[in-house]
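This report describes a model of two protein chains and how they meet. Please look over the sequence and the structure before reading on.

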Amino acid sequence: MTETDFLSLTPLLIITIAPVVIMLIISIYRKYEIIFGFSLVSLLTAFVSLFIVQPLLPHRIDHLMVFDLYSLFFLGIIFFSAFLIMLLSHDYFKHLEGFREEYFIILFTATLGASLLAVANHFIIFFLGFELLSISLYILIAFQKKKDYPLEAGIKYLILASVSSAFLLFGMALIYTALGTMGFQGIADAISKMGVASPILVIGFGMMMVGIGFKLALAPFHMWTSDVYQGAPAPVSGYIATVSKGGVMAVFIRFFFDIKGFSNQDFFIVISAIAIFSMFVGNLLAIRQQNLKRLLGYSSIANMGYLIIILLIGNNDGARAAIFYMLSYFVTVIGAFGVISLLSTKNREAEKIEDFKGLFWKRPWIAIVLTLSLLSLAGIPLTAGFIAKFYVIFEGVKSGLMLLVFSMIINSVIGLYYYIRVIAVMFSTGEETTKLPSLSIIGNVALTMISISILILGVYPGWLIDMIMKLVAL
Amino acid sequence: MLTVPLKILLLFAGTLFLLGLAGLLVRRNIIFMLMSIEIMLNSAGLVFIAAGRHWGQPDGQVMFIFILAVAAVEVSIGLALILQVYHHYKTLDVDAISKLRDHN
């Protein structure tokens, strides 16, 4: 390895070294605040190092990893989301009994897995990142091992995520059998030279799509989503909805753009069917939900449907719209899960919609943040969600994907109903029910950051769109 | 030296994969489900080795070593979780521990 290799790996190395150092600190002096502070500083350092390595780009490390502006941008999204989740985890895990410091170690390994996916350019790194992410998530989900729901959610995720990685792996193996190469570029070259795709290759891509579909919670591979979202601790649910999906989305977009999958007619039909199915399944199942975490789980299925639809344009415009949509969805959904985690106490999660009754009159600030998040999910103007939906629909209409745009509009209307229902509950006046936990400074900072991000993306998105235009050129 | 043709190896690995999948769907005991997943992962490893020999590259075997390592990690985490489940519920039947569902 050369010096440039090491330099461009700096962000990943920081994320790798941080958990080791945390383990050492824990073995010397176990104190929650110190570990938390160190984790925050490490993530910030990793984020800053992205700007330092930028002049070295684009850089490839053998065939395994590629550092270009696209992967750097995704690393930025992943670190930023992980940073917000970490801020929101502080209060949630502080009150737990037993060992809590290890949570941050696992959070780092999971983030490392997602980052590996963002730089992957070869099946080996793809597989390693995918597995590192899944295995860390089993632990994160079942972190409160004495409780029923987290344990059950952990087992469910363990079984289903392992099956998904078995599918992914078998798909990779078949593609390797057919083409004799595992690097993304090699696969793209081999496919462009080949006339008719062999059955082995088609089955291979199909099985890879099953694995990716599981991870992105696309229908019909969505069965685990709401159970795991409900059972996992609220910050971890937020993590699954953002960082985990961000990493998989990064490698999904890169791989299928490299092999020009989106211009393949059969692949187009399959993805359209999955996307439309995901939208309807997610939104229809969410309508009658009484549990906010489950509701957000179902809405994430629908949102991933909106997101992959726009990739079907098959050029840079589609990828840019998808990435903008993803970023605004991430900020928004972290806000919603953040409110849940800040309102949860040691013994119970604030997840039932009736828990939020009259929240506006008791805790106006938290209620405003949740309202903002839900409005953004529904796509109301002045929020990030509106600009994102507008951008996606604009690009869709420009490329003539009318059926897809039409189903997206229908689904946005369905979505509006159940988001507004939660907001209505928050503003209704009700009798005093449960005692709400007090809000710490760290929680306040996180909520402020999230609401500012939602508003900035909604009111003044130009700079970010310009930035995505510049960075994302596949 | 007698060599097994690639087609036979692929068929064999595919059968193993389907056996694992069937076992996963039929079995209700978490340990057996984990074993079925191991079979699925190993069948993928077999395809990698067969393809590596077919193309005359070491890549397939390298990938298999990664699969072995990752599967070991996965099983160790899985068994730790299963221990917790057994402590908690005194059963390993997945239907008995399934409480998360809509409308409760």
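Predicted model: local features only at pLDDT ≥ 70, side-chain atom pairs only at ≥ 80, totals over all residues.

Residues are numbered from 1 along each chain as its sequence is written, chains are lettered from A and ligands numbered from 1 in the order in which they are written, and side-chain values use heavy atoms, with hydrogens and water left out.

**Chain B**

Chain B has three helices and zero strands, in the pattern α-α-α along the sequence. Helices (H or I, at least four residues) and strands (E, at least two) are DSSP runs, numbered from the N terminus. Because its radius of gyration is 18 Å, well over the 13 Å that the globule rule gives for 104 residues, chain B is more spread out than a compact globule. That radius is taken over C-alpha atoms, and the globule rule is 2.2 Å times the number of residues to the power 0.38. The C-alpha atoms fill a box of roughly 60 × 25 × 25 Å along the principal axes. Of the 104 residues of chain B, 39% count as buried; buried means under 20% relative accessible area, exposed over 50%, and partly exposed in between (1.4 Å probe, protein chains only).

**The interface**

In the interface, 46 residues of chain B are in contact with 48 residues of chain A, where contact means heavy atoms within 4.5 Å. The area buried between the two chains is about 4100 Å², and carbon and sulfur atoms give 74% of it. Buried area is the accessible area (1.4 Å probe) that two parts lose on being put together, summed over both. On the side of chain B, B:Glu74, B:Leu81 and B:Leu100 lose the most area to chain A, together 17% of what that side buries.

The rule finds one salt bridge across this interface. A:Asp148 pairs with B:Lys99, with the closest N and O atoms 2.9 Å apart. A salt bridge is a side-chain nitrogen of Lys or Arg within 4 Å of a carboxyl oxygen of Asp or Glu. Helices H1 (6–26), H2 (30–55) and H3 (59–89) of chain B each give two or more residues to the side that touches chain A. H3(B) gives the most, with 17 residues.

Over all chains the structure holds 17 salt bridges.

| Pair | N to O distance |
|---|---|
| A:Lys346 and A:Glu97 | 3.5 Å |
| A:Lys293 and A:Glu349 | 2.7 Å |
| A:Asp317 and A:Arg320 | 3.7 Å |

A:Lys346 lies in the loop between H14 (316–343) and H15 (359–362) of chain A and A:Glu97 in the loop between H4 (69–94) and H5 (102–119), so the pair ties together parts 249 residues apart in sequence. A:Lys346 is partly exposed at 37% relative accessible area, and A:Glu97 is exposed at 63%.

A:Lys293 is buried, with a relative accessible area of 0%, and A:Glu349 also counts as buried, at 18%.

A:Asp317 and A:Arg320 both lie in helix H14 of chain A, three residues apart, about one turn of the helix. A:Asp317 is partly exposed at 24%, whereas A:Arg320 counts as buried at 10%.
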